[in-house]
Amino acid sequence: MLTACNGSEDVGEVREDISLLEKDLETISITEMKTFNESVPDSTVVIDDQEDVETMQSIIGEGQNSRQPSISDVIDPDYEIEFGKLNYYVWLSESGGSFQDQRDNDHIYPLYKVESQEMLEVVEEALNE
């Protein structure tokens, strides 16, 4: 039981999940969020364009290498992105962003300006269709 709480094993499990998603995932879901517990009604969209799916998976997968402690007063997320069974809260702007694995509230992952802009482009295109 003690090893299940070991931080380094948790990170390994997350990376293993992402690797599996990169090989097998055909769709992702994106939902606009009002708060952590409330989504914008009828805002969920499914992305099935393989290039967009791979872009989002790559950004999240690579981003998990830059884990940082989360602060306790995090603002409500802009989006929730579902990669199969893995869900992430995402904050995006033109100047940067971050994401958080919903299974790990103690850490957050920063996104650089370029990554954030790429994700924002995919998200906005999907939501405006």
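A crossing of two helices is called left-handed if the near helix is turned anticlockwise from the far one by less than a right angle, and right-handed if clockwise. That term is needed at the third stop.

The model is predicted: local features need pLDDT of at least 70 and side-chain atom pairs count only at pLDDT 80 or more, while totals for chains, interfaces and linings use all residues. Residues are numbered from 1 along each chain as its sequence is written, and side-chain values use heavy atoms, with hydrogens and water left out.

**Whole chain.** Colour by secondary structure. There are 3 helices and 7 strands, taken from DSSP runs (helices: H or I, at least four residues; strands: E, at least two) and numbered from the N terminus. Their order along the sequence is α-β-β-α-β-β-β-β-β-α. Of the 129 residues, 40% are buried; buried means under 20% relative accessible area, exposed over 50%, and partly exposed in between (1.4 Å probe, protein chains only).

**Select 113-127.** This is helix α3, with 15 residues and a reach of 21 Å from first C-alpha to last, close to the 21 Å expected at 1.5 Å a residue (the expected span is 1.5 Å times one less than the number of residues). Show the side chains of E115, S116, M119, L120, V122, V123 and A126, which are buried. They lie on the same side of α3, because they cover an arc of only 165° around the axis, taken over the directions from the helix axis to the C-beta atoms. Exposed V114 and E121 sit on the face turned away from the buried side.

The crossing is left-handed. D52, T55, M56, I59 and I60 of α2 meet E115, E118, M119, V122, V123 and E125 of α3, contact meaning heavy atoms within 4.5 Å.

**Select N87.** It lies in strand β5 (residues 86-93). Is N87 buried or partly exposed? N87 is partly exposed, with a relative accessible area of 22%. Leaving aside residues up to four places away in sequence, N87 touches E80, I81, E82, Q100, D101 and Q102.

**Select D42.** This residue is in the loop between β1 (28-32) and β2 (45-47). Phi of D42 is near 55°, a positive value in a residue other than glycine. D42 counts as exposed, at 85% relative accessibility.
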